[in-house]
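Let's take a friendly look at how charged side chains pair up in a protein model. Have the sequence and the 3D view ready as you read.

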Amino acid sequence: QSVQGMESMFDSCSNLEEVDLNSFNTENAIAMNHMFYGCKNLKRINGLSQFNTGKVINMKSMFYECSDLVSLDLNSFKTSHVKDMSYMFYQCKKLKEINGLNQFNTGKVEDMRSMFYECSNLDSLDLNLFKTSNVTSMSGMFFGCVELKKINGLSQFNTGKVEDIQSMFDNCPSLESLDLNFDTSNVKGMNYMFHACKNLKK
């Protein structure tokens, strides 16, 4: 029988460089929040591409401050039950690609704050399949993504329940255009939303 709780499993293993999770059975896991939190020297996570996350409801801060990771293979991730993705890739400063992100089912997600905060090597994101009708916070979502030039799928975001979008694109100087069809009727905070977007033209 597989485990249900994997939260904080490798939390603050700051000298860990590689983990082999190929034998992990995750089919009953419901919590993976903070799983690799603060693994600042982690370069490789073997077996992640085989994770069964079909029952997981919490992925908050899963890769928080994994600042040495260059790529992630999340093609096997099933996220239809996940409610929290806040801080998921926070300060993954060397991360250049997140494979599988374009397949994420985010229909139940309520919190996306600081999801890609200071992912300073990402130059594009494909969020075309993101469903955001239940999201209440997107604050700092792309904060400090200094190399980010393109965010596909933003025009389809349903922001009807969103209350906080402050600093959402703060310090994204490589963005030249944004296609936003946002419903801001419930938004309470917009401060610093486009702060330091120096090349934004439209």
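Here is a short report on the salt bridges in this model.

The model is predicted, so local features need pLDDT of at least 70 and side-chain atom pairs count only at pLDDT 80 or more, while totals for chains, interfaces and linings use all residues. Residues are numbered from 1 along each chain as its sequence is written, and side-chain values use heavy atoms, with hydrogens and water left out.

Side chains of opposite charge can pair when their charged atoms come close. A salt bridge here is a side-chain nitrogen of Lys or Arg within 4 Å of a carboxyl oxygen of Asp or Glu. By this rule there are seven salt bridges, including these:

| Pair | N to O distance |
|---|---|
| E18 and R44 | 3.6 Å |
| D68 and K94 | 2.8 Å |
| E147 and K149 | 3.9 Å |

Start with E18 and R44, which form a salt bridge. This pair links distant parts of the chain: E18 is in strand β1 (residues 18-20) and R44 in strand β2 (residues 44-46), 26 residues apart. Strands are DSSP runs (E, at least two residues), numbered from the N terminus.

How accessible are these side chains' residues? Buried means under 20% relative accessible area, exposed over 50%, and partly exposed in between (1.4 Å probe, protein chains only). E18 is partly exposed at 44%, and R44 is partly exposed at 45%.

Now turn to D68 and K94. D68 is buried, with a relative accessible area of 13%, whereas K94 is partly exposed at 40%. Salt bridges that share partners join K43, D68 and K94 into one network.

Finally, E147, the salt-bridge partner of K149, is partly exposed at 35%.

Technical notes: Helix = DSSP H or I, 4+ residues; strand = E, 2+ residues; numbered from the N terminus.
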